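Please view the structure alongside the notes.

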Amino acid sequence: MNGELRLSDAGKKVVLMGWVNRRRDLGQIIFVDLRDRTGVTQVVFNHELNAAVHEKAESLRNEFVIAAIGTVKRRDADTINPNVPTGEVELVVEELRILNVSKPLPFLPSDTVLANEEMRLKYRYIDLRRDAMQSNIELRHKVALAIRDNLASQGFFEIETPFMTRSTPEGARDYLVPSRVQPGMFYALPQSPQLFKQILMISGFDKYFQIVRCFRDEDLRADRQPEFTQIDLEMSYPQPERVWEVVEGFLTAAFKAAGHEIKTPFLRMDFDDAIRQYGIDKPDLRLPAFTDVKDCFAPADLEQLAINKDLPVIAIRIPHVGELSRKERDDIKPLFVSKGGARVFEDFKRIETKFPEASAKVREKVRDKTGGLAADDLLVLVVGSVQSGASADTHPASKRKVTPAEMAIYASAGLLRVALAQKYSDRHKLFQKGDYRFLWVTNFPMFEYDEADKRWMAAHHPFTSPHDEDMDKLETDPAMVRALAYDVVLNGTELGSGSIRIHRQDVQSRIFHALGMTEEEARARFGFFLEALEYGTPPHGGIALGLDRIVMILAGADSLREVIPFPKTAAAKDLMMEAPTPVADGQLRELGIGVVKKA
């Protein structure tokens with residue numbers, strides 16, 4: 001392999017094969033950097049030593065595929081290249097075989113300036129030759145292998161589940177597959193193997209995992225793809241802590257395979273605490289938590305500033321930003337996304353102009369409550385307007401520890417906190433490379449209220465078990481029901497979501513009823529599963545983590561497309577294969593399908 005030759009190989013006769021990465025013609029001598037996935041080796045064509053081979057080498061161009069046969073030679077001291085592992089040796093070519101030629105390329109794998117992403121995806125087979133992409137795909141392989149080995153060593157079986165199943169849409173849309181032999185009937189590609197892995201627990205396979213492709217027909221973002229890979233896991237008889245222990249174990253192995261050591265056990269945080277301290281259920285722990293400083297203000301101050309005294313006053317502190325100009329302070333406001341009447345004081349100095357007599361005292365109280373405000377820290381306040389929160393008492397979720405009106409303030413502050421940290425990331429050292437802050441977020445609400453449909457929806461999925469002590473609230477007070485659900489979060493990214501499942505048919509039926517399903521609808525959609533639950537189902541639970549997201553973070557990439565060999569665009573297109581495409585009328589007739597254009 002081209003990247004494996006070392007000084008100890010000097011004098012050996014070898015055959016190297018690969019792509020012409022770069023060619024330098026100095027007249028009597030031609031140098032070629034020959035590349036394969038292991039690296040590059042310099043090969044030399046010397047006219048004096050072999051005129052025929054040198055003449056043949058004159059025709060070589062970038063990305064020709066060749067075989068070079070010759071003797072490994074130690075380079076002269078002044079020609080050693082310390083930047084590559086093979087830099088102390090070169091191959092003096094005695095025989096050259098051109099295995100294939102290449103027409104001029106739209107871009108070169110060796111280019112230091114990347115082509116635009118559409119071009120890269122259209123010619124993905126060229127883009128994948130780049131060192132960075134080769135490294136990312138190798139990293140993906142190592143991470144997946146480490147996870148497999150870790151779980152197999154603990155007695156987990158990797159079991160494949162079907163790709164062609166029935167449609168049970170819960171959230172994202174299914175990709176549908178028409179059946180030719182059953183006209184008018186459809187399979188669906190699985191959004192997850194959720195029901196299959198639960199049925200495997202019923203079947204007696206008490207430790208299951210699978211690194212599996214899943215499919216969701218949804219709008220895309222940088223961290224979403226229509227087809228994606230997840231690490232799927234299920235166990236019989238676990239408490240949540242046992243699932244967490246298993247996940248922490250295989251993540252430790254995965255990160256070690258990528259050259260990183262992580263600390264376990266991970267921190268744990270209740271959902272309500274995450275919202276109160278970070279405004280989001282996937283907090284980035286590299287940033288300071290925010291603080292409710294309402295009690296630092298006198299009631300008269302709140303009234304003068306038109307701040308709702310019944311809602312939190314959130315102080316966001318971004319360390320070591322330094323002194324901001326007037327324009328920089330003005331630029332904060334466009335970063336703010338108001339949720340339900342929240343507003344922002346983009347700098348404490350704005351407050352000082354409102355009541356200079358009290359400002360020093362208030363600033364001192366805020367400084368103390370936020371854990372010590374340094375002179376170069378940025379402080380921003382997010383508050384509720386006097387109009388916000390008026391309807392909180394009538395909202396179906398108003399009895400929760402965090403009410404919808406409070407949630408609006410926390411959510412607004414959470415979004416601004418991250419936006420500020422990203423904007424001023426070059427001024428502080430909060431985002432250190434290799435600083436991995438893991439967290440388990442637990443005790444999610446069982447249900448979320450859908451304002452549009454005026455009904456309760458499953459916060460995770462309808463197979464999640466409620467806390468035993470909350471069972472009596474399912475019909476009477478769904479807002480207060482907590483789920484035995486948990487997410488694993490890393491640096492503000494949700495890696496995976498899981499739960500202890502419902503293992504009793506009567507409880508599962510109650511959950512379907514709480515979600516507004518009639519008994520007939522539940523039987524029509526999930527009758528096979530409800531029946532399976534009646535045949536001795538053990539308690540069980542599990543989780544699914546996004547492999548693509550894990551590798552993206554480890555690779556330091558900004559998009560999943562950088563760690564997936566053949567991804568789709570944001571418009572769900574494969575530019576290389578030019579898919580999706582129309583199909584022939586004959587194929588549609590066989591399936592009994594007609595295409596109707598949207599109006």
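P265 is placed in the loop between α6 and β11, where helices (H or I, at least four residues) and strands (E, at least two) are DSSP runs numbered from the N terminus. The model is predicted, so local features need pLDDT of at least 70 and side-chain atom pairs count only at pLDDT 80 or more, while totals for chains, interfaces and linings use all residues. Residues are numbered from 1 along each chain as its sequence is written, and side-chain values use heavy atoms, with hydrogens and water left out.

**Backbone geometry**

- Most residues other than glycine have a negative phi, and most peptide bonds are trans.
- The T264 to P265 peptide bond is cis, with omega near -5°.
- A cis bond also runs from A579 to P580, with omega near 0°; P580 sits in the loop between α15 (547-555) and α16 (585-591).
- Y237, in the loop between β10 (227-236) and α6, has a positive phi near 65°. Y237 is exposed (over 50% relative accessible area; buried is under 20%, partly exposed in between, 1.4 Å probe, protein chains only), at 62%.
- N491 has a positive phi near 50° and lies in the loop between β19 and β20 (493-500). N491 is buried, with a relative accessible area of 13%.

**Aromatic pairs**

- The whole structure holds 16 aromatic pairs, counted when rings of Phe, Tyr and Trp (its six-membered ring) have centres within 6.5 Å; planes under 30 degrees apart are stacked, over 60 edge-to-face and the rest tilted.
- F266 and F438 are stacked, 4.4 Å centre to centre with 10° between the planes. F266 is in the loop between α6 (240-257) and β11 (267-270) and F438 in strand β16 (residues 438-442), so this pair ties together parts 172 residues apart in sequence. Both residues are buried.
- F463 and F526 have ring centres 5.5 Å apart and planes at 80°, so they are edge-to-face. This pair ties the loop between β18 (455-458) and β19 (485-490) to helix α14, parts that are 63 residues apart in sequence. F463 and F526 are buried.
- A cluster linked by ring pairs consists of W244, F255, F266, Y436, F438, W440 and Y486.

**Helices α13 and α14**

- The axes of α13 (residues 505-514) and α14 (residues 519-532) come within 12 Å and cross at roughly 160°. Axes are lines fitted to C-alpha atoms, for helices over the stretch in contact, with angles from 0 to 180 degrees between N-to-C directions.
- Q505, Q508, S509 and F512 in α13 meet A522, R523, F526, F529 and L530 in α14, contact meaning heavy atoms within 4.5 Å.
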